Amino acid sequence: MVRTMTDDSGAAAGERAVARCDVLGVSPFSDEIDLLYRPWLGPGFIATVEAISNWMRQAGMTVRQDAATNLIGRYEGTMPDAPALLFGSHLDSVRDGGRYDGMLGVIAALEVVAGFHERGERFPFAIEIVGFGDEEGSRFPITMLTTRSIAGVLEEDDPVAAFAELRDGNGLTVEQALARVGLTPRGMAAARRPKDSVLAYVEAHIEQGPVLEAEGRALGVVSGIAAQRRFEIRVHGMAGHAGTMAMSLRQDALTAAAEMVLAIERIGMAGGDRDGLVATVGLLRTWPGVANVVPGDVTFTIDARAGTIATRDRAVNEILAALKDIAERRGVEIEIIPRENLDPSPCDPHLMTLMETAVQDVTGEPARVLVSGAGHDAMIMSRLAPMAMLFIRCEKGISHNPAEAVLPADVGEAVTALTRFVRLFADDYSKTQGRHSA
Ligand code: HGY
Ligand code: MN
Ligand code: MN
């Protein structure tokens with residue numbers, strides 16, 4: 001492979017970024033001792049904010065947390081109060097997750113800024129790094145409230161009345177969790193950024209898929225992010241004695257749910273991988289959940305995604321119709337609660353071109369462009385500003401799994417490519433400004 005830029009500081013930055021993610025991958029930055037689980041606003045999340053704040057200050061940034069709990073570091077430009085180029089990703093993790101999903105995007109961006117700070121390099125715009133709070137939705141049954149707050153679409157997407165009372169696994173509401181850090185659901189909207197204060201949003205993320213590794217590439221440029229919908233399904237049957245209730249008379253919520261889960265898989269598979277259609281049941285809870293009671297109630301989730309709204313919605317409609325049929329046939333009731341509806345998010349073509357140039361300059365090869373099946377904060381941020389994403393190869397494409405792994409050398413290349421991207425962006429910005437002031 002021919003490399004047109006060599007940058008030893010990139011390699012060192014990659015080593016440090018991976019080491020920092022590893023530090024943050026265990027207690028006290030995780031809420032559990034034996035695995036990584038960093039839900040929004042848990043003790044691990046709060047400790048993580050503290051640690052990254054210190055690293056941000058060392059990189060010459062001023063640090064604050066906004067009204068939605070997002071951590072924001074700002075590296076000033078040549079002029080005070082200049083608009084900002086935003087980098088970001090999420091600080092929260094799924095339960096038993098990997099160390100790099102989300103976190104690497106924040107920490108790699110920090111290396112980019114640390115490099116500028118070390119060299120005394122400033123731009124006609126500020127650079128900010130945002131650590132978002134709840135991209136995964138791993139604590140409450142809703143995602144990206146904090147991202148929506150910054151993007152100014154919180155009320156439009158999730159009226160406070162619809163999310164403030166949602167509960168985590170311990171029964172604590174969003175409102176109560178926010179109160180513990182002195183904030184309120186209604187107050188989150190104050191995190192909104194005026195559109196003219198943000199020039200663009202850029203997110204680096206592990207690929208979470210196998211394409212880059214299969215092709216022997218460290219980096220890729222994202223063209224867009226797949227459409228998602230999520231639902232919570234509640235199945236209500238009739239609890240009863242496991243020893244005395246005749247099989248033929250049961251309204252077993254769990255066996256009904258089991259049939260529903262298989263129908264969801266069948267419909268997801270019927271797409272034959274066409275248009276990236278996938279459908280997943282990731283959570284299922286049985287009530288009362290004891291050995292000698294026929295399950296009376298079951299709650300489960302559906303996560304359905306595809307490259308286009310049409311494919312996704314066709315599958316969703318088929319799934320919901322199948323669920324209703326199964327419920328009717330088995331004599332159970334179902335409630336269908338929509339939890340998420342995200343359109344596909346194309347990346348900004350001009351920013352993609354800059355990112356492709358940056359990647360080519362660093363790797364010496366034309367950049368691989370690929371679609372993201374995973375969701376990202378960038379989906380929401382694209383509603384505030386033009387958005388671009390850089391993917392970093394991860395081992396075997398594994399993610400949402402403690403086996404998630406990246407090569408420090410790849411992260412080093414990502415830091416170098418992002419650094420190059422900022423300089424290209426700056427050249428571009430200066431030309432545009434020149435045109436405007438001419
Ligand atoms: O679910 C997702 O795609 C992301 O990892 N939060
Ligand atoms: Mn994730
Ligand atoms: Mn992620």
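# Briefing: pockets, metals and cysteines

The second largest pocket has a volume of about 420 Å³. This is a predicted model, where local features need pLDDT of at least 70, side-chain atom pairs count only at pLDDT 80 or more, and totals for chains, interfaces and linings use all residues. Residues are numbered from 1 along each chain as its sequence is written, chains are lettered from A and ligands numbered from 1 in the order in which they are written, and side-chain values use heavy atoms, with hydrogens and water left out.

**Pocket**

- A pocket is an open set of points on a 1 Å grid over the protein atoms alone, with protein on both sides within 12 Å along at least five of seven lines.
- Its volume is the space filled by probe spheres set on the points, which are joined across faces, edges and corners.
- The second largest pocket is lined by 25 residues; Arg148, Asp157, Glu340, Asn341 and Leu342 lie nearest its centre.
- Lining residues have an atom within 4 Å of a point.
- Among the elements giving two or more residues to this lining are helix 6 (160–163), strand 7 (227–236) and helix 12 (377–381).
- Strand 13 gives the largest share, five residues.
- Helices (H or I, at least four residues) and strands (E, at least two) are DSSP runs, numbered from the N terminus.
- By class, the lining of the second largest pocket holds 12 nonpolar, four polar and nine charged residues.
- Nonpolar means Ala, Val, Leu, Ile, Met, Phe, Trp, Tyr, Cys and Pro; charged means Asp, Glu, Lys and Arg; the others, Gly among them, are polar.

**Cavities**

- The structure holds two cavities of 30 Å³ or more.
- In a cavity, a 1.4 Å probe fits but cannot get out.
- The second largest cavity has a volume of about 30 Å³.
- Its lining includes Trp40, Asp134, Arg139 and Phe140.
- That lining has four nonpolar, two polar and two charged residues.

**Manganese site**

- Donors are N, O and S atoms within 2.8 Å of the metal (3.2 Å for Na, K and Ca); water is not among the atoms, so sites may look incomplete.
- Asp101 bridges this ion and the manganese ion (ligand 2), and the two ions lie 3.5 Å apart.
- Distant parts of the chain are linked here: His90 is in strand 3 (residues 84–90) and His205 in strand 5 (residues 198–206), 115 residues apart.
- His90 counts as buried, at 0% relative accessibility, and His205 also counts as buried, at 1%.
- Buried means under 20% relative accessible area, exposed over 50%, and partly exposed in between (1.4 Å probe, protein chains only).

**Helix 3**

- Helix 3 (residues 103–119) has 17 residues and reaches 25 Å from its first C-alpha to its last, close to the expected 24 Å.
- The expected span is 1.5 Å times one less than the number of residues.
- Helix 3 is largely enclosed by the rest of the structure, because 14 of its 17 residues are buried.
- Just after helix 3, Gly120 takes a positive phi of about 65 degrees.

**Cysteines**

- A disulfide is a pair of cysteine sulfur atoms within 2.5 Å, and the count here is zero.
- Cys347 is in no disulfide; its nearest cysteine sulfur, that of Cys394, is 17 Å away.
- The sulfur of Cys394 is 13 Å from the closest cysteine sulfur, in Cys21, so the gap is too far for a bond.
- Cys347 is buried, with a relative accessible area of 5%, and Cys394 is buried at 1%.
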